[in-house]
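Please examine the sequence and the model shown below before reading on.

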Amino acid sequence: MPDAKERQEPRRPSRRPSREGVARLVCGRRSKWAVVALWLVVMMLAFPLASKLTDAQDNQASSWLPGKAESTQVLQESEEFRPEVTPAIVVYARDSGLTSADRARIADDVAAFKELRDHGVRGDETRGPVLDRLDDPRAAQVFVPITMDEKGWERIAPAVDSLRAQTGTGEPGLAVHVTGPGGTAADFSEAFEGIDSTLLLSALGVVIVMLLLTYRSPTLLVIPVIAVVGALSASQALIYLLAEHADLTVNGQSAGILTVLVFGAGTDYALLLVARYREELRHHEDRHEAMALALHRAGPAVLASGATVVLGMLVLAFAEMNSTSGLGPVAAIGVTVALLAMLTLFPALLVIFGRWIFWPAIPHFGSPEPTERGFWARTGHRIARRPRAIWAATAVVLAVFALGLTQLRAEGISNADAFTGKPDSITGQEVQARYFPAGSGDPLVIVTNAGQARQVGETVARTSGVVPQSIAVPPGTKPVHDGRVLIEATMTDRSDSAAAKDTVERVRDAVHAVPDADARVGGGTATLLDMDEATTHDNILIIPLVLAVVLLVLMVLLRALVAPLLLIATVVLSFAAALGLSALAFRYVFDYAGESTDFPLFVFVFLVALGIDYNIFLSTRIREEARRQGTRPGVVTGLAATGGVITSAGLVLAGTFAALGTLPMVAFAEIGFAVALGVLLDTFVVRSVLVTALFLDAGPKVWWPHRLSQENAPSPSGV
């Protein structure tokens, strides 16, 4: 729908952009309709497939574990002895001692459990009740195995629900809880229930509010929302097809982060394009030409930003942790589709709707550019007076914030500390630990050669931290398979504790020394230990790789070496400051017990891959202006032109990651808080103050070895 002014007034001559590539396809008077029609077809096909992504998730243990770890090998080998099962433990306790009525009630429940067959409950293999003591028992526990499949937590949740429905709330004074690995997994499943819809609504709400505040237009915000929802649906549909037909692994974690990434990154790109389009509309009467110029000039920055995120996510594929390596391609696909939508569908819609979509602040042809004398222009001039003192002071403040890293405890968090609340399984775990060995229900699993099984069992029984009389072949297990035997052992310490992990290491050292046994040790605690070790490996490998990828992208984009190195240094300092402040907040504000071992890695990848966007937006605009007016004036102009949009983009991205805090999981809340804080630091401090001051101080040398570094530019005081 052409604007009235464009129909009535003759078009004024202007420098036309190159109509090559995307700009020509998107902005053409006819091709824009073809672009929108194509996306409508894509979305119509995508919506039904996107809704099936939850069903395609693989939440079984192997989708999270380190692929080559000893515990993973035991898990795979144990499937030859029995189906993959996880025990739910029903705990009954009365401090004054179980009454005859209590014991009758327990017997009735056990009889009912043995009849259960729904949702993978293996009722016929129910064991118990096991009493805490034969004389005047105070507690009893019943073990009910549940079959695991590719649905993982989703399969366990209804099984545990059926157990909880059978036990009810208990008699007055009798505590009844469903705990153990099965109970905990069910509560994790409940915490993840509706994660897609929860994050979608939270992220959508944040985006709408921030776009309304940024654009001050109730009509304009509709366009980016349509584009980003279309991108999310298309990416979910593509990932679903790859999961079904190309063995792409998707679990609850990667599906949740996908939503946040697409909304955050997609909206960032939309904000940058709208800002440049609005600027060009003031200089060009024809909106098609204005959009073509906006794409021509802002497109490289958007493409570089998207490429940085995509490559950064793909680096995760080198991780040992399956949950981390699986996130890489899922996130990369999501950002790629978001980038494609924001460079095609979004500009096509803007051009179709015309200038009126900006109502009430419509950018008319010939109107002055408000950023030239705005807040960020004034900020740039202030920084230009003493750039060296400002960047030095800013760096010192960020370094002080980074000292909070001394409070970081990324050593893993126990199940009891993993929830923001206190579900039934955690309460049951505490009750169980008062009366039984703390490791009950989550035993060590040892697979060994049959000929050495007795010696291995005796070795395990002698190891400190193991209940000696607990060594046994579990019920329902094949006694021998292919010359191998599976045995279990109960530990004295809680299975997710540091002491239990130490026990696993002692047991492994002991059984590995048994000649010809080829013994391997797995189980829940061994899995946690292997995950910690794999994550430590991933931190050492992935973080330098991501930095290298980002540095290469910046070097190609800016055709310089000094500027990329400065930008990388600021990003690392920003990351350290965000992590330090977050650690202090977790200790003294939120009172979290610690952080997961993969917390630093995820925060780093998201902050560097996404936070570098703002440095790219700023530095590319500075380079563009430097070619026209010199580096130091270009820095001030670049900050003035991009300050508002980058601030808005940072607020949107911070808000979408903060939406992770709506989940009742400490690990997600910590990642969301740290990334949101880091993005805000990057937006308001690093990009607007530190980078600006560094570029002003360095002057033309920032572009070395490009010929721009040879310019004769005015001094900072003359800006």
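## Asparagine 322 and the basis of the model

Asparagine 322 belongs to helix α13, which covers residues 322–343; helices (H or I, at least four residues) are DSSP runs, numbered from the N terminus. With a relative accessibility of 24%, asparagine 322 counts as partly exposed, a class lying between buried (under 20% relative accessible area) and exposed (over 50%), as found with a 1.4 Å probe on protein chains only. From C-alpha to C-alpha, asparagine 322 and leucine 273 are 36 Å apart in space, and they are 49 residues apart in sequence.

The model is predicted: local features need pLDDT of at least 70, side-chain atom pairs count only at pLDDT 80 or more, and totals for chains, interfaces and linings use all residues. Residues are numbered from 1 along each chain as its sequence is written, and side-chain values use heavy atoms, with hydrogens and water left out.

## Salt bridges

Side chains of opposite charge can pair when their charged atoms come close. The whole structure contains 23 salt bridges, each being a side-chain nitrogen of Lys or Arg within 4 Å of a carboxyl oxygen of Asp or Glu. One of them joins arginine 164 to aspartate 424, at 3.3 Å from N to O. Because arginine 164 lies in helix α7 (residues 153–167) and aspartate 424 in helix α18 (residues 424–435), this pair ties together parts that are 260 residues apart in sequence. Aspartate 424 is partly exposed, at 25% relative accessible area.

Another salt bridge, at 2.7 Å from N to O, is formed by the side chains of aspartate 532 and lysine 501. Aspartate 532 is in helix α21 (residues 524–558) and lysine 501 in helix α20 (residues 498–512), so parts 31 residues apart in sequence are tied together. Aspartate 532 is buried, with 16% relative accessibility, and lysine 501 is buried at 13%. Glutamate 595 and arginine 587 also meet in a salt bridge, at 2.8 Å from N to O. Here glutamate 595 is buried at 0% relative accessibility, and arginine 587 is buried at 9%.

## The second largest pocket

How much space lies in the second largest pocket? The volume is about 1,300 Å³, taken as the space filled by probe spheres set on grid points that are joined across faces, edges and corners. A pocket is an open set of points on a 1 Å grid over the protein atoms alone, where a 1.4 Å probe fits, with protein on both sides within 12 Å along at least five of seven lines; lining residues have an atom within 4 Å of a point.

The lining comprises 45 residues, and those closest to the centre are Ala275, Glu279, Arg621, Ala641 and Thr642. Glu279 and Arg621 also belong to a network of salt bridges, which includes Arg276 and Glu624. Helices that each supply at least two lining residues include α9 (195–215), α11 (252–281) and α23 (599–629), while α24 gives the most, with eight. By type, the lining divides into 22 nonpolar, nine polar and 14 charged residues; Ala, Val, Leu, Ile, Met, Phe, Trp, Tyr, Cys and Pro count as nonpolar, Asp, Glu, Lys and Arg as charged, and the others, Gly among them, as polar.

## Valine 206

Valine 206 lies in helix α9 and is partly exposed, with 21% relative accessible area. Valine 206 and methionine 313 are 107 residues apart in sequence and 24 Å apart in space, C-alpha to C-alpha.
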